[in-house]
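Let's take a look at a ligand site, a pocket and a salt bridge. Here is the structure to keep beside you.

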Amino acid sequence: MSEYPNLFSPLKVGHMTVPNRIVSTAHQGRMHSGIPGDRHIAYHLAKIMGGVGMDVVFAIVSVHQSSPVSSDQAVAGWNDECIEPFRQVTDALHTPGTGAALICQITHRGRRARSDSGDWRPAIAPSAVSDDLYRGVPHEMDSDDVGWLVDAYAAAAARVRAGGFDGVEILGAYSHLIDQFWSPLDNLRTDHYGRNLEGRTRFSLRVN
Ligand SMILES: Cc1cc2nc3c(=O)[nH]c(=O)nc-3n(C[C@H](O)[C@H](O)[C@H](O)COP(=O)(O)O)c2cc1C
């Protein structure tokens with residue numbers, strides 16, 4: 001009797017049924033610059049053929065220009081140019097028919113976004129609190145900013161779906177925008193997107 005009797009049994013996750021409990025979590029393989037290439041596909045094909053049941057194929061796809069992508073890792077998810085490359089990857093990874101669920105992770109880096117790259121937009125965050133690592137003081141988001149950012153997450157998720165993915169993962173870790181809202185150290189707001197736990201989770205619930 002296996003110590004892990006459920007490991008190779010299917011699991012229902014939302015609308016998907018994944019073939020087993022083995023997940024390859026999000027990470028940038030740094031094998032593509034913007035547009036994914038053959039190495040990226042071969043890397044993930046090897047995982048799927050090796051038995052991964054759920055594979056996060058892209059990490060930190062950016063939902064908006066105010067969180068620009070760097071040349072050696074993330075993909076821009078804020079316009080339709082990502083759909084065709086996504087489709088190439090998902091077609092290649094669905095083809096073997098293993099049933100593995102293909103996931104794309106999306107995010108906005110908030111105050112951790114570079115304001116000296118892309119089209120040089122100011123970094124935005126729940127409050128004008130500088131990040132220990134990235135230093136710059138971000139622009140505090142107003143309620144309009146919250147509105148268009150929620151829409152940007154939704155639009156990026158729609159592109160992920162149009163690109164053939166089975167699901168989308170919204171990054172809420174690593175001090176990106178979502179968890180900047182959650183943290184009382186980063187979120188000093190006094191409106192209904194701050195103040196208490198209910199307020200600090202409101203942005204993420206709207207995105208969700
Ligand atoms: C090089 C590298 C890059 C990663 N990039 C991401 C990322 O972009 N998004 C994310 O959610 N997690 C990222 N992670 C975290 C992993 O998905 C995973 O949660 C973490 O490595 C712990 O799992 P492990 O003990 O199996 O390594 C990264 C990890 C590594 C090692």
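How far does a polar side-chain atom of Q28 lie from an oxygen atom of the ligand? The distance is 2.3 Å. A quick word on ground rules: this is a predicted model, where local features need pLDDT of at least 70, side-chain atom pairs count only at pLDDT 80 or more, and totals for chains, interfaces and linings use all residues. Residues are numbered from 1 along each chain as its sequence is written, and side-chain values use heavy atoms, with hydrogens and water left out.

| Residue | Ligand atom | Distance |
|---|---|---|
| T25 | oxygen | 2.7 Å |
| Q28 | oxygen | 2.3 Å |
| Y174 | nitrogen | 3.4 Å |

On its own, the ligand has 600 Å² of accessible area, and the protein covers 43% of that (Shrake-Rupley, 1.4 Å probe). Around the ligand sit T25, A26, H27, Q28, A59, I60, Q105, L171 and Y174, counting residues with a heavy atom within 4 Å. That shell splits into five nonpolar, four polar and no charged residues.

Now for the second largest pocket, at about 280 Å³. A pocket here is an open set of points on a 1 Å grid where a 1.4 Å probe fits, with protein on both sides within 12 Å along at least five of seven lines; lining residues have an atom within 4 Å of a point. Of its 14 lining residues, H15, M16, D166, G167 and V168 are the closest to the centre. The lining comprises nine nonpolar, two polar and three charged residues.

Finally, the whole structure holds eight salt bridges (Lys or Arg side-chain nitrogen within 4 Å of an Asp or Glu carboxyl oxygen). One of them joins R159 and D80 at 2.8 Å, N to O. Because R159 is in helix α3 and D80 in the loop between β4 and α2, this pair ties together parts 79 residues apart in sequence. Helices are DSSP runs of H or I with at least four residues, strands runs of E with at least two.

Note on methods:
Polar contact = N/O pair within 3.5 Å; in protein donor to acceptor, adjacent residues only side chain to side chain. Nonpolar A, V, L, I, M, F, W, Y, C, P; charged D, E, K, R; others polar. Points joined across faces, edges and corners; volume = space filled by probe spheres on them.
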